[in-house]
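Reader: I'd like to go through this model with you and ask where each label comes from. Could you set the values beside the definitions as we go?

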Amino acid sequence: MQNTPIAFITGATSGFGQAAARYFADKGWALVLSGRREDRLKALSDELSARVPVHTATLDVRDADAVIDMVSNLPEGFKAIKALVNNAGLALAPQPSQDVDLTDWHTMIDTNIKGLVNVTHALLPTLIATGQGASIINIGSIAGQWPYRGSHVYGASKAFVKQFSYNLRCDLQGTGVRVTDLAPGIAETEFTLVRTKGDQAASDALYEGTIPLSADDIAEQIYYIATLPDHMNINRLEVMPVRQSWNGFHIDRDQA
């Protein structure tokens, strides 16, 4: 494994994270995979470990102590991380802010913001030691740039991802470590099922009659970013399907 690049992927049990794990494995990278669902993590490890070295850890990125412990105890062959893919995150409560349970806001903040900084902080020494060509790829969202109804804390958390990525770039100047905010648009994954707490009809309606991005589409972009020439950095990559674009401003009008 001495010359095999290693990718560390959070939220690897579904969606972009799972697709990225498969994509990197297809390209011969060793993998450190984390996620909260132990059964899915084991199934993915069983699938991929026949091709590449895989180390897994059942992990909730919101738990800073657990993150530090996991990173500190990486097996010797999995320590030299070249690409960190901060994918773990979620959206909840698509209803207007005034109708949202406060706990849903806290969950998004704890996962999308605190979880992101927990993992990044724990792995910065490793990535700096790797140096030239190392990458931090933070999965943001177009919601971090463009507002829409029901986005409230989710969009705000992804705006944090964008600015945190930019600020990391400044701090890491001279280390060789690259940082990218990868901001997908509408993509057909478990995202909407999680957001609506299992409403399959709502998920189906969102994607009906259009062609959204797929998890594989985003996995390909993650790998592209991670394998750029060492002197290149993509600061932010916003990716939408052709069938998605911007709408006009919403204007409240009297209905008299």
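Reader: Why are α4 and α5 called roughly parallel to each other?
Author: Helix α4 (residues 102-130) and helix α5 (residues 152-171) pack at an angle of about 20°, with their axes 8 Å apart. Angles under 35 degrees count as roughly parallel, over 145 as roughly antiparallel, 65 to 115 as roughly perpendicular and the rest as oblique, and α4 and α5 are therefore roughly parallel. The axes are lines fitted to C-alpha atoms, for helices over the stretch in contact, and angles run from 0 to 180 degrees between N-to-C directions. Helices here are DSSP runs of H or I with at least four residues, strands are runs of E with at least two, and both are numbered from the N terminus.

Reader: Good. What should I keep in mind about the model itself?
Author: This is a predicted model, where local features need pLDDT of at least 70 and side-chain atom pairs count only at pLDDT 80 or more, while totals for chains, interfaces and linings use all residues. Residues are numbered from 1 along each chain as its sequence is written, and side-chain values use heavy atoms, with hydrogens and water left out.

Reader: Which hand does the crossing of α4 and α5 have, and which residues meet there?
Author: The crossing is right-handed; that word applies if the near helix is turned clockwise from the far one by less than a right angle, and left-handed if anticlockwise. Among the residues that meet are W105, M108 and I109 in α4, and H152, V153 and Y154 in α5. Contact means heavy atoms within 4.5 Å.

Reader: What makes α3 roughly parallel to α4?
Author: Helix α3 (residues 64-72) and α4 pack at an angle of about 30°, with their axes 9 Å apart. That makes α3 roughly parallel to α4. A64, V67 and V71 of α3 make the contact with N118, V119, A122 and L123 of α4. The crossing of α3 and α4 is right-handed as well.

Reader: Is V119 buried or exposed?
Author: Buried means under 20% relative accessible area, exposed over 50%, and partly exposed in between, with a 1.4 Å probe and protein chains only. At 1% relative accessibility, V119 counts as buried. Leaving aside neighbours within four places in sequence, V119 is in contact with F8, T10, V61, V67, L84 and N86.

Reader: Why is β5 said to be largely enclosed by the rest of the structure?
Author: Five of the five residues of strand β5 (residues 135-139) are buried, so the strand is largely enclosed. Both faces are covered: S135, I137 and I139 are buried on one side, and I136 and N138 on the other.

Reader: How do you know that β5 pairs with β4 and β6?
Author: Two strands pair if DSSP finds at least two bridges between them. Strand β4 (residues 81-86) and β5 have four bridges in the parallel sense, and A83 stands opposite S135. Five bridges join β5 to strand β6 (residues 178-184), also running parallel, with I139 opposite L182.

Reader: What makes the crossover from β5 to β6 right-handed?
Author: The term applies if, with the strands pointing away from the viewer, the path from the first strand over the helix to the second runs clockwise. The chain crosses from β5 through α5 to β6 in this right-handed way. β4, α4 and β5 make a right-handed β-α-β unit too.

Reader: Which strands are at the edges of the sheet?
Author: The open sheet of seven strands has the order β3-β2-β1-β4-β5-β6-β9, with parallel pairing. Its edge strands are β3 (54-58) and β9 (236-239), each pairing on one side only. From one strand to the next, the twist averages 15°.

Reader: Last one: are A93 and K197 buried or exposed?
Author: A93, in the loop between β4 and α4, is buried with a relative accessible area of 3%. K197, in the loop between α6 (191-195) and α7 (200-207), counts as exposed at 60% relative accessibility. Both have a positive phi in a residue other than glycine: near 60° for A93 and near 55° for K197.
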